[in-house]
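The sequence and the model come first.

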Amino acid sequence: MASPKPNRAAARAAARLAAVQALYQMDVAGKGVIDALAEFEAFWIGREVEGVEGAPSDLDFFRDILQGVVREQRAIDVKVDAALAEKWPLKRVEAVLRAILRAGGYELMYRKDVPARVAITEYVDVAHAFYGEDEPGMVNAVLDAVAHEVRAEEFAKGR
């Protein structure tokens with residue numbers, strides 16, 4: 001009998017990917033969070049799209065990330081901006097990367113139930129779904145800097 005933990009981890013990974021896609025769509029299409037939630041839950045999450053079966057997703061986790069990023073965007077953007085290279089603010093970052101960094105920043109800042117290293121690794125994996133080597137490395141560096149600031153205690157303990 002399989003352990004439920006891998007299923008939960010896979011459902012959360014699918015939720016993260018869906019949240020990044022929804023944040024991207026909100027950014028480029030100007031959709032609100034309510035419309036994005038409704039569309040993704042009705043047509044994308046866990047559905048077959050263009051012949052590819054979507055993974056089951058943790059809908060509560062998806063909703064929390066999406067709504068949390070919207071609610072806390074100003075604070076998240078300040079932390080992410082501070083971690084980015086000087087003279088390269090978040091507003092200049094490509095929209096998918098911006099969505100990844102905001103979602104990762106949200107988890108690091110507001111989801112203390114998710115270990116920092118897990119959140120970073122998960123969003124680097126999301127970045128790999130869209131990009132080659134440079135962008136995932138940048139996601140890793142930026143989220144690691146944010147994590148060391150907002151979760152210093154985790155790193156001090158060696159967890």
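## Basis of the model

This is a predicted model, in which local features need pLDDT of at least 70 and side-chain atom pairs count only at pLDDT 80 or more, while totals for chains, interfaces and linings use all residues. Residues are numbered from 1 along each chain as its sequence is written, and side-chain values use heavy atoms, with hydrogens and water left out.

## Aromatic pairs

Tyr-106 has a relative accessibility of 2% and counts as buried, where buried means under 20% relative accessible area, exposed over 50%, and partly exposed in between (1.4 Å probe, protein chains only). Tyr-110, at 32%, is partly exposed.

The structure holds two aromatic pairs, and one of them is formed by Tyr-106 and Tyr-110, which are stacked at 5.6 Å centre to centre with 25° between the planes. Rings of Phe, Tyr and Trp (its six-membered ring) pair if their centres lie within 6.5 Å, and planes under 30 degrees apart count as stacked, over 60 as edge-to-face and the rest as tilted. Because Tyr-106 and Tyr-110 are four residues apart in helix H4 (residues 95-110), about one helical turn separates them; helices (H or I, at least four residues) are DSSP runs, numbered from the N terminus.

## A charge over a ring

Arg-12 lies over the face of Phe-61, at 4.0 Å from the ring centre. A charge sits over a ring if NZ of Lys or CZ of Arg is within 6 Å of the ring centre and within 35 degrees of the ring normal. Arg-12 also belongs to a network of salt bridges that links it with Asp-58, Asp-64, Arg-111 and Asp-113.

## Salt bridges

A search of the whole structure finds 13 salt bridges, each being a side-chain nitrogen of Lys or Arg within 4 Å of a carboxyl oxygen of Asp or Glu. Among them is the bridge between Glu-122 and Arg-16, whose closest N and O atoms are 3.6 Å apart. Glu-122 lies in helix H5 (residues 116-130) and Arg-16 in helix H1 (residues 4-29), so this pair ties together parts that are 106 residues apart in sequence. Glu-122 and Arg-16 are both buried.

Arg-102 forms a salt bridge with Asp-77, with the closest N and O atoms 2.8 Å apart. Since Arg-102 lies in helix H4 and Asp-77 in helix H3 (residues 59-83), the pair ties together parts that are 25 residues apart in sequence, and both residues are buried. The side chains of Arg-151 and Glu-154 likewise meet in a salt bridge, at 2.4 Å from N to O, and both of these residues are buried.

Terms used: Helix = DSSP H or I, 4+ residues; strand = E, 2+ residues; numbered from the N terminus.
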